[in-house]
Amino acid sequence: MTPRKITEAHKAMMELAGIPFPFKTARQLAKLKSRLDEEYLTVYNMDQALVRDMGGEIKANGNYKFQNSEALNEFLKRRDEMMDQEDSITFPVVDLSKYTDMIRISPGALEALEGIVAFEKEDPDGR
């Protein structure tokens, strides 16, 4: 999973965090959220380190400031490379297929959680 996918899944998990589920399912989601939180923090720290390594400044509001547009463009290029680098990080899949009638989730969050949250059971015939 790439750092970009981890970041998107971490954000998407917030949509599921407020939905009450039966205990076992809620516990599985809590464990998944905790793992995503850990990995997101790693990605965040990598991002911050890249800013500092490239001579950037991290403002109080979390924005970055660079000396000039060339430095900013180089940072953005390296950051994109870092964010799209595939890693062997895996997450347990949480099956929510029994609860799809009670879930309201955005298409973006649905897409971001693909592969780590199962919203539908696969049809045995492959349809």
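Is phenylalanine 75 buried, partly exposed or exposed? With a relative accessible area of 2%, phenylalanine 75 is buried, where buried denotes under 20% relative accessible area, exposed over 50% and partly exposed the range in between (1.4 Å probe, protein chains only). The structure is a predicted model, in which local features need pLDDT of at least 70 and side-chain atom pairs count only at pLDDT 80 or more, while totals for chains, interfaces and linings use all residues. Residues are numbered from 1 along each chain as its sequence is written, and side-chain values use heavy atoms, with hydrogens and water left out.

Phenylalanine 75 forms an edge-to-face aromatic pair with tyrosine 64, at 5.5 Å centre to centre and 85 degrees between the planes. Rings of Phe, Tyr and Trp (its six-membered ring) are paired if their centres lie within 6.5 Å, and planes under 30 degrees apart count as stacked, over 60 as edge-to-face and the rest as tilted. Because tyrosine 64 lies in strand E2 (residues 64-65) and phenylalanine 75 in helix H3, the pair ties together parts that are 11 residues apart in sequence. Helices (H or I, at least four residues) and strands (E, at least two) are DSSP runs, numbered from the N terminus. Tyrosine 64 is partly exposed, at a relative accessible area of 26%. One aromatic cluster is formed by Tyr64, Phe66 and Phe75.

Three aromatic pairs are found in the whole structure. In one of these, the ring centres of phenylalanine 21 and tyrosine 99 are 5.6 Å apart and the planes stand at 75 degrees, so the pair is edge-to-face. Phenylalanine 21 is in the loop between H1 and H2, and tyrosine 99 is in the loop between strand E3 (94-95) and H4, 78 residues apart.

The largest nonpolar core comprises 26 residues, of which Leu16, Leu96, Leu113 and Ile116 touch the most other members; such a core is a set of buried Ala, Val, Leu, Ile, Met, Phe, Trp, Tyr and Cys residues joined through side-chain atoms within 4.5 Å. Helix H1 provides the largest share of this core, five residues. Leucine 16 is found in H1 and counts as buried at 2% relative accessibility. Neighbours within four places in sequence aside, its contacts (heavy atoms within 4.5 Å) include Phe21, Leu29, Leu96 and Leu113.
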